[in-house]
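Thanks for coming. Please have the sequence and the model open while I talk.

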Amino acid sequence: MALVGLRRNLCHLCDFQIGRALAVLRSQPVSHIHQAVREHLCCWFFALRPTPSRVRSHHPCCNNFHSENRSETQPAGQPVSPRAHDWDRLEQNIKHADEQMFYRRLNDFTSSEEVLSFISTLETLPDSGAAEALRRIWEVGKKDDAGRLPEEILENHVFKALCFRLEREAPTLTNTGLVRALQALTLSHVDPQTSLVENLVAECQNRLQKGGLEVHHLCILGESLVKLQGPGCGMLEQIIAQLQGEELEKFSPEDVVAIYRILQACPEKVDQHQAFLSKMNSFSLSVVYSLSPKSISQVLSALVALDQTQALPLVIKLGKYMVRYIPRFTSRELASVLEAFIYFGYSDRFFTRALEQHVAALCLALNPEVVSKITEYCSKKLILSKPILNAVAESFVCHSEKFSPHQISELIEPFGTLNYLPPNAAALFRKLETMLFTHFNHFPPKTLLKLLHSCSLIERHPVNFMAKIFSPYFLQQLQGKEPYLDRLSLAQLTQLFLTSILECPFYKGPRLLPKYQVKSFLTPCCSLETPMDFQLYKSVMIGLIDLLGARLYFASKVLTPYCYTLDVEIKLDEEGFVLPFTVDEDVHKRVALCIDGPKRFCFNSKNLLGKEAIKQRHLRLLGYEVVQIPYHEIEVLKSRLELVEYLQRKLFSQNTGLHW
């Protein structure tokens, strides 16, 4: 690391060596970088009150830190060339009143070279300005997602001099300058073992023990220590303890978000900090309207990591507030928000509507990660949003090569779950089949099984891949190192096998072995059927007793030989008369009543879920007369008499062949 031996090396350099190094930096012709600096700063420095100043030097390596454009360094006080007078205008002391202007100008630079060139023109620089300069160098100079600075910046003479000054003056730095400098170096991934970082950390620890750091300083220091030393460092516990003792009213919105990030780094200690977290969750309700989209995303991510299920009021308030800012979220931030909403089970029609508009506007420009997370959100919350699903389908058709196997599965599954085919369904599944043929071996077995099962729910049967998934080799891969296959995978395999028999009679490939077949699709943990709504069933049962004359003429929760469970079964003889449910002889037809409560439909919709649609489809193919009794038709009935008349119309229509 370029800064490891910085103190040792700089201490052995003579005045001439460092002075000449800086002089060489300034002796270059006025480049585009210097020109950019002058253009940015000219109007600012002209507005400053000209004040005579001298060079402030505390160490030989920092002497003559001038900005003259000359080939040799000149002692302070000697005449300078006319060409240097333009740069002399920039050599002004930065007064406190002008610091905000300084920071704004610093943020105008778009490259680390501009920042370093600007710093080299200044005669004096406050420690907070030096720390801010380091931060800006990192922001515009980082070369990868990890945030590391290029080697040429770390080896830059001005950068080294800036770092040396911070190291040497650590005890005299202001609290803000101290923690900001450590923060900038941490973000730059500077080696924690360098003397510079060690000195800054030691000084921070000294001030922490004396209780001299305010809330904002504690938050910045805490985040820096998490990156430098990990969540287990002792200083971090001291910081959290001091923050717990502070009045929450002192916390700014930025401090609140920083505290969540610090606690997120210590999820194993969540029980220890739960009391403090509960106070933070309550207090955060008052600062929601001051949070930026980035901050909202970070708070929600922390709540997920810390399993703060009791913070649902905060999640709801954040969800309602962020609706208007959805277009301002980055792809990663929006993905974090959706992940949190999935985790907490939150949904809101205004949020969904705003999400629809956002997805429709950026249909083909959305990141695959965000696309898959949006569809996962719709699937988990059973939200049938046709604008979103149509846009997602179009995005996949146009950019299928950008999606990973896992993302493809998350993108396709909602179509099966929500029982919806987009307008470009033919192109969508043709593209999916091509991807499967090309990258079949890249799909994890369970991901592939879920994907193919989802396709079968909406009658897009994966006939070309059934032979592979029923093969012993695939089943062995599916099981992996586990002693047996999980219940959900077995149920999906069984339903696919039943589909191959009932809906794909032309399929002549391998069959699923009996040992991999389940007896029932209705199980408590991972069911392929939705349990019957008990209150709705009670209402229908009363009407059936009145209509048929006795409870004897229908059975409830009947498990068929084909793994499906019937809500109500009515048996008919050859002439269409109702038989007692205990009779097994002379049964000519069976009627299956599907008493469909709200959970069998998409959210706020009359669209049946995919798993219920395939059930009714299979029952018809198995010879059952399927009569659907949806909850929204029962809810409008105002009396018991109306209920009986409704059931009579449903059961004794000309199509059913029943006789009363």
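Predicted model: local features only at pLDDT ≥ 70, side-chain atom pairs only at ≥ 80, totals over all residues.

Let me start with the salt bridges. The structure holds 20 of them, and I will pick out a few.

Take Lys 320, which forms a salt bridge with Asp 348; their closest N and O atoms are 3.5 Å apart. This pair links distant parts of the chain, 28 residues apart. Lys 320 is in helix α17, residues 312-322, while Asp 348 sits in the loop between α18 (331-344) and α19 (349-361). Is Asp 348 buried or exposed? Asp 348 counts as buried, because its relative accessibility is 11% and the cut-off for buried is under 20%.

Next, Glu 503 and Arg 617. Their side chains meet in a salt bridge at 2.9 Å, N to O. Here the two parts of the chain are 114 residues apart. Glu 503 belongs to the loop between α27 (487-502) and α28 (534-548), and Arg 617 to helix α29, residues 610-621. Both Glu 503 and Arg 617 are buried.

Then there is Asp 546 with Arg 640, a salt bridge whose closest N and O atoms are 2.6 Å apart. Asp 546 is in helix α28 and Arg 640 in helix α31 (residues 640-651), so this pair ties together parts 94 residues apart in sequence. Asp 546 is partly exposed, with a relative accessible area of 34%. Some salt bridges also share partners: Asp 567, Asp 596, Arg 600 and Glu 612 are joined that way into one network.

Now a charged residue without a partner. Asp 255, in helix α14 (residues 253-264), is buried and has no salt bridge. How far away is the nearest side chain of opposite charge? That side chain is Arg 180, at 8.0 Å. Leaving out residues up to four places away in sequence, Asp 255 touches Val 215, His 216, Cys 219 and Lys 250.

Ile 153 is a buried residue too, with a relative accessible area of 5%. Look for Ile 153 in helix α8, residues 151-154. Beyond its neighbours within four places in sequence, Ile 153 is in contact with Ser 112, Ile 137, Gly 141 and Phe 159. Glu 113 is 40 residues from Ile 153 in sequence, and the two C-alpha atoms are 8.2 Å apart in space.

On to backbone angles. Most residues other than glycine have a negative phi. Which value does Lys 557 have? Its phi is positive, about 50°, although Lys 557 is not a glycine. Lys 557 lies in strand β1, residues 555-559, and counts as exposed at 59% relative accessibility. Cys 563 also has a positive phi, near 80°. You will find Cys 563 in the loop between β1 and β2 (565-572). In contrast to Lys 557, which is exposed, Cys 563 is buried, with a relative accessible area of 9%.

Last, the surface. Glu 574, Glu 575, Glu 585 and Asp 586 gather there in a patch of negative charge. One of them, Asp 586, is in the loop between β3 (578-579) and β4 (589-596). Asp 586 counts as exposed, because its relative accessibility is 67% and exposed means over 50%.

That is the end of my part.

Terms used:
Residues numbered from 1 in each chain as written. Heavy atoms only, no water. Helix = DSSP H or I, 4+ residues; strand = E, 2+ residues; numbered from the N terminus. Buried < 20%, exposed > 50% of the residue type's maximum accessible area, 1.4 Å probe, protein only. Contact = heavy atoms within 4.5 Å. Patch = residues over 30% accessible without salt bridge, like charges linked within 9 Å, V, L, I, M, F, W, Y side chains within 5 Å. Areas by Shrake-Rupley, 256 points an atom, 1.4 Å probe, with all protein chains shown as cover. Salt bridge = Lys/Arg side-chain N within 4 Å of Asp/Glu carboxyl O. Lys, Arg positive; Asp, Glu negative; His and termini not counted. Charge placed at Lys NZ, Arg CZ, Asp CG, Glu CD.
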